[in-house]
Amino acid sequence: MTGIAVAGEVRDAVGAGAPVVALESTIFTHGLPRPLDLEVAREAEKALRADGVVPATVGVVDGVPTVGLTDAQIERLATDDAAVKVSIRDLPVAAAKRLGGGTTVAATSMLAHRAGVRVFATGGLGGVHHGASTTFDESADLVALAATPVVVVSAGVKSILDIGATLERLETLNIPVVGYRTTRYPGFYVADSGHRLDHAVDGPDEAAAVARARDELGLSSAVLVANPVPAVDELDPAEHGRLVAGAWDAAERAGIVGHDITPFLLDHIQRATGGRSLEVNVAVYRNNVAVAGDIARALAPSASA
Ligand code: PSU
Ligand code: MN
């Protein structure tokens, strides 16, 4: 595929019909603090390999969108202060300027699909921000997912978003959302966001069946598998509600607006929980990677299990 570098191991696995899972890089360029970011990126790859799945971490190296970063490339991006956050619209600029960057859910899904990778694990999706009816701040993840036939495993959307509005937009965009063994939509740090889903899948085989049916119908949307954080790992739901409200109050008092809001809110929650929210973030991601690996194996034509 011109313009995109695909690692030999990933290309071979895709060609052989072996299971592959794509992983995003914004989580380690922008989402998590050092040195946790690099540890988490490496652990995800290792866990997939241990399950017989080829990891394909996606990122932009010297302007080149790359599916299947080497360990050295992951380390370089995780420790590069100049790494930018790359959504789909940023790919041409990053290419021309030869920038390094972490890819969002939108860019990772698109690049994974171009490389023939069918399953992608992330932490939380972007979505509709509070006040979006006047600010128009809706993540490009949503329109990208409407046009990219992959399976994306997440624990819902970023907790600071307007979750009800995001679910409405996913419906409008014809994007199937299924709960993984639940009909409660997860709330990232908590297992239940308070919103209901119409459908659950009972495990990896049923998730794979939904993806195959999507393909047979010729539909182009992603299938979103909403996978709640295990109950033992979640933030206390009552505390979570207070934390998010407190973070928004603090942002308003500090006059934070626009693109600075997300980092401000997440940082506030991190400090207010003494770092506990980071542990939950890691647990969320680990759990999503494991489920994505199971779905990739169920979908793989060469799968024996
Ligand atoms: N979830 C988080 N923190 C993040 C992201 C998700 O808890 O930083 C990243 C993901 O890469 C997602 C992106 O694709 O944010 C969406 O950003 P925006 O709202 O600017 O489109
Ligand atoms: Mn935005």
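Trainee: How far from an oxygen atom of ligand 1 does a polar side-chain atom of Glu24 lie?

Mentor: The model is a predicted one. Glu24 is among the residues around ligand 1, together with Thr26, Lys85 and others. A polar side-chain atom of Glu24 is placed from an oxygen atom of ligand 1 at a distance of 3.3 Å.

Trainee: Which residue has a polar side-chain atom 2.6 Å from an oxygen atom of ligand 1?

Mentor: Two further residues around the ligand deserve attention, Gly124 and Ser139. Gly124 uses a backbone N or O atom, which lies 3.3 Å from a nitrogen atom of ligand 1. The side-chain atom at 2.6 Å from a ligand oxygen belongs to Ser139.

Trainee: What percentage of the accessible area of ligand 1 does the protein cover?

Mentor: On its own, ligand 1 has 480 Å² of accessible area.

Trainee: With which side chain does the side chain of Glu138 make a polar contact?

Mentor: Glu138 is situated in the loop between α7 (132-135) and α8. Its relative accessibility is 27%, so Glu138 counts as partly exposed. Outside its sequence neighbours within four places, Glu138 is in contact with Gly127, Val128 and Arg169. The polar contact, at 2.7 Å, is with the side chain of Arg169.

Trainee: Which residue of β11 is the bridge partner of Tyr185?

Mentor: Strands β10 (residues 184-187) and β11 (residues 190-196) run antiparallel and are joined by 3 bridges. They form a hairpin with 2 residues between them, and Phe188 in the turn has a positive phi of about 60°. The partner of Tyr185 in β11 is His195.

Trainee: Is Asn281 buried or exposed?

Mentor: Asn281 belongs to helix α13 (residues 276-299). Beyond its neighbours within four places in sequence, Asn281 is in contact with Leu32 and Phe188. Its relative accessible area is 14%, and the cut-off is under 20%, so Asn281 is buried.

Trainee: How many residues does the largest nonpolar core have?

Mentor: In soluble globular proteins, nonpolar side chains tend to be buried together. Here, the residues with the most contacts inside the largest core include Val10, Leu145 and Tyr185. Among the elements giving two or more residues to this core are α1 (8-16), β3 (54-61) and α9 (163-172).

Technical notes: Residues are numbered from 1 along each chain as its sequence is written. Chains are lettered from A and ligands numbered from 1 in the order in which they are written. This is a predicted model: local features need pLDDT of at least 70, side-chain atom pairs count only at pLDDT 80 or more; totals for chains, interfaces and linings use all residues. Side-chain values use heavy atoms; hydrogens and water are left out. A nonpolar core is a set of buried Ala, Val, Leu, Ile, Met, Phe, Trp, Tyr and Cys residues joined through side-chain atoms within 4.5 Å. Buried means under 20% relative accessible area, exposed over 50%, partly exposed in between (1.4 Å probe, protein chains only). Helices (H or I, at least four residues) and strands (E, at least two) are DSSP runs, numbered from the N terminus. A residue is near a molecule or strand if one of its heavy atoms lies within 4 Å of it. A polar contact is a pair of N or O atoms within 3.5 Å; within protein, one must be able to donate a hydrogen and the other to accept it, and residues adjacent in sequence count only if both atoms are side-chain atoms. Accessible areas come from the Shrake-Rupley method with a 1.4 Å probe; for residues, only the protein chains shown count as cover. Contact means heavy atoms within 4.5 Å. Two strands pair if DSSP finds at least two bridges between them.
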